[in-house]
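Dear colleague,

I am handing over the structure below, and my notes on what was found in it follow directly after. Please read them with the coordinates open beside you.

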Amino acid sequence: MANNEIKGGMIAKAQGQKAAKKDTSPSNRMRQTLELPSVKKILEDTAKNGKDELALAIINLYGNPDSSLQYCDAGEVFREAMKSVTVKLPLDPNLGFCYVVPRRKAGVWHAHFQIGYKGYIQMGIRSGMYKHINVREVYEGEFLGENKLTGMVDISGTPTSKTVIGYLSYFDTVTGYESCAYWTKEKVMDFASRKSDSYKASFSPWKTDFDKMAMKTVLKNHLCTFGPLSVEMQGAIRQEGTDDLIETTGREVEGEPDAEVIQGEAVEAPEAAETSEPEVLPGSAPTLTDSGESLPWELTGENGEVLHG
């Protein structure tokens, strides 16, 4: 009788430990965050009819075992993901309009909202200010010259290989203004090496998705320099932050990874050295409160209004 009780107690304890371990998975932590009253109110006020789809997208992003986003604080990931609502772009990595990407600084993982080059094209079209807007690779043999007076580029040549030698951004507006910008591949590489901390990182998208990164860089710099920017586009640039070079498909983009991905499973690496900043661990609790009155950040709309109390 006593042995049965002991055995039963051990089984119950083991089941409890298994359940507790399951409850700390990234997907479940994000689900718990989304159940907080303050978070549910933000979803209701901002996403409205699309709140369920957005919540599922955020859960899938945070639960992706191939991304170090799971090492970021769940509340911070939610905050960055909600910026996609402000710029009215779908948060789906498969579409490539915008992303929430993990970045590490001083051993601490942080989530950052980033817009892809497709997102800038979408917003440009939506503004009604552009007749055409495009960015593309230029292959060897296509480039025939540049008009130094107007800045227009001739790429009517026949490609002689599949080697990319540069990137061309072009737009013309409804008022008749026309502009293009051509950067050689070497110019993009030089610019990125000087301006982007992610350029030399082990898992940098500059190594895995160089062409997408280059097109984003050329297009955004072109629009910010010569293009008319709607209020929405200006807000998107502010939402994206100061690093205008980062664009990924969910991989970590700054510093060495804190996790090694092996056959789709994230395996924790040794702890980072102590820093002056508190380390955010995978099991840490969300920074959001459930009162809805004292969130440590503000989510704002297109006109700067605060979207939560």
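The axes of H2 and helix H4, the latter spanning residues 51-63, come within 8 Å and cross at roughly 145°, and this crossing is right-handed. On the H2 side the contact involves Pro26, Ser27, Arg29, Met30, Arg31 and Leu34, which meet Ala55, Ile58, Ile59, Tyr62 and Gly63 in H4. Sorted by class, the residues of this contact comprise seven nonpolar, two polar and two charged. Please bear in mind that all of this rests on a predicted model.

Helix H2 (residues 26-34) also packs against helix H5 (residues 74-81), where the two axes come within 9 Å and cross at roughly 70°. Angles from 65 to 115 degrees count as roughly perpendicular, and H2 and H5 are therefore roughly perpendicular to each other. The crossing of H2 and H5 is, again, right-handed. Met30, Thr33 and Leu34 of H2 make this contact with Ala74, Val77 and Phe78 of H5, and the residues involved divide into five nonpolar, one polar and no charged.

As for the protein chain as a whole, it contains eleven helices and nine strands, and 44% of its 309 residues count as buried. Among the contacts with a separation of 6 or more, 62% are accounted for by residues 24 or more positions apart. The accessible surface of the chain comes to about 16400 Å², with 52% of that area belonging to carbon and sulfur atoms.

Terms used. Residues numbered from 1 in each chain as written. Predicted model: local features only at pLDDT ≥ 70, side-chain atom pairs only at ≥ 80, totals over all residues. Heavy atoms only, no water. Axes fitted to C-alpha atoms, helices over the stretch in contact; angles between N-to-C directions. Helix = DSSP H or I, 4+ residues; strand = E, 2+ residues; numbered from the N terminus. Parallel < 35°, antiparallel > 145°, perpendicular 65-115°, else oblique. Left-handed = near helix turned anticlockwise from the far one by under 90°. Contact = heavy atoms within 4.5 Å. Nonpolar A, V, L, I, M, F, W, Y, C, P; charged D, E, K, R; others polar. Buried < 20%, exposed > 50% of the residue type's maximum accessible area, 1.4 Å probe, protein only. Areas by Shrake-Rupley, 256 points an atom, 1.4 Å probe, with all protein chains shown as cover.
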